[in-house]
Amino acid sequence: MAIVTVGIDLAKNVFAVHGVDFSGKAVLIRPHVPRAKLLELIASLPPCLIGMEACSGAHHWVRQFATFDHSVRWMAPKFVAPYRLSGKRGKKIVSTVGNGHDFSCRRQFCLRVCGNQSSNSDHL
């Protein structure tokens, strides 16, 4: 079946990806996707909903994923924290985000354009 929702655990070098179909069955489980291969993997998917934890690096990935007609929703880190296992990220977070938990009832984030994002760093 076609993937309708994908959860991504963002990291520095290796990402975890979990995709589910309309019935909620996991059809794409990739616990170790190198940074160089993430965009290639997402480009190969049909347009779908992608969920990830909101962070400064997420803005970059949202811009990249949008070029492939994917829609992205972010969860604030405080809403992702209950899914962490022993303070570390893992498969449970990715599958939870991939299954679309908490997307409908949580605050949505606005994408920052490159110029706006870089100007915010000048104030630090």
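This passage walks through the fold of one protein, from its overall make-up to a few individual residues.

The structure is a predicted model, in which local features need pLDDT of at least 70, side-chain atom pairs count only at pLDDT 80 or more, and totals for chains, interfaces and linings use all residues. Residues are numbered from 1 along each chain as its sequence is written, and side-chain values use heavy atoms, with hydrogens and water left out.

The protein contains five helices and five strands; these are DSSP runs, numbered from the N terminus, with helices being H or I of at least four residues and strands being E of at least two. Read from the N terminus, the order of elements is β-β-β-α-β-α-β-α-α-α. Of the 124 residues, 38% are buried, where buried means under 20% relative accessible area, exposed means over 50%, and partly exposed lies in between (1.4 Å probe, protein chains only). The accessible surface amounts to about 7300 Å², and 56% of this belongs to carbon and sulfur atoms; such areas come from the Shrake-Rupley method with a 1.4 Å probe, and for residues only the protein chains shown count as cover. A contact is defined by heavy atoms within 4.5 Å. Among contacts between residues at least 6 apart in sequence, 48% join residues at least 24 apart.

Next comes the sheet. Strands of a sheet pair through backbone hydrogen bonds, either parallel or antiparallel. Here, five strands form an open sheet in the order β3-β2-β1-β4-β5, with mixed pairing; two strands pair if DSSP finds at least two bridges between them. Strands β3 (26-34) and β5 (71-75) stand at the edges with a single partner strand each, so one side of each has no neighbour in the sheet. On average, neighbouring strands of this sheet are turned by 20 degrees against each other, direction ignored. Strands β1 (residues 5-9) and β2 (residues 14-20) run antiparallel and are joined by five bridges.

Helix α1 lies across β1, β2, β3 and β4 (49-53), and runs at about 150 degrees to β3. Axes are lines fitted to C-alpha atoms, for helices over the stretch in contact, and angles run from 0 to 180 degrees between N-to-C directions. L39 sits in this helix, which spans residues 35-43, and counts as partly exposed because its relative accessibility is 25%. Beyond its neighbours within four places in sequence, L39 touches W61, Q64, F65 and F68. F68 is 29 residues from L39 along the chain, yet their C-alpha atoms are separated by 9.7 Å.

The structure holds one salt bridge, meaning a side-chain nitrogen of Lys or Arg within 4 Å of a carboxyl oxygen of Asp or Glu. The side chains involved are those of E40 and K37, at 4.0 Å from N to O. Both residues lie in α1, three residues apart, or about one turn of the helix. E40 is exposed at 52% relative accessibility, while K37 is partly exposed at 44%.

Finally, a look at backbone geometry. Most residues other than glycine have a negative phi. D69, although not a glycine, has a positive phi of about 65 degrees. D69 lies in the loop between α2 (56-66) and β5, and is exposed at 61% relative accessibility.
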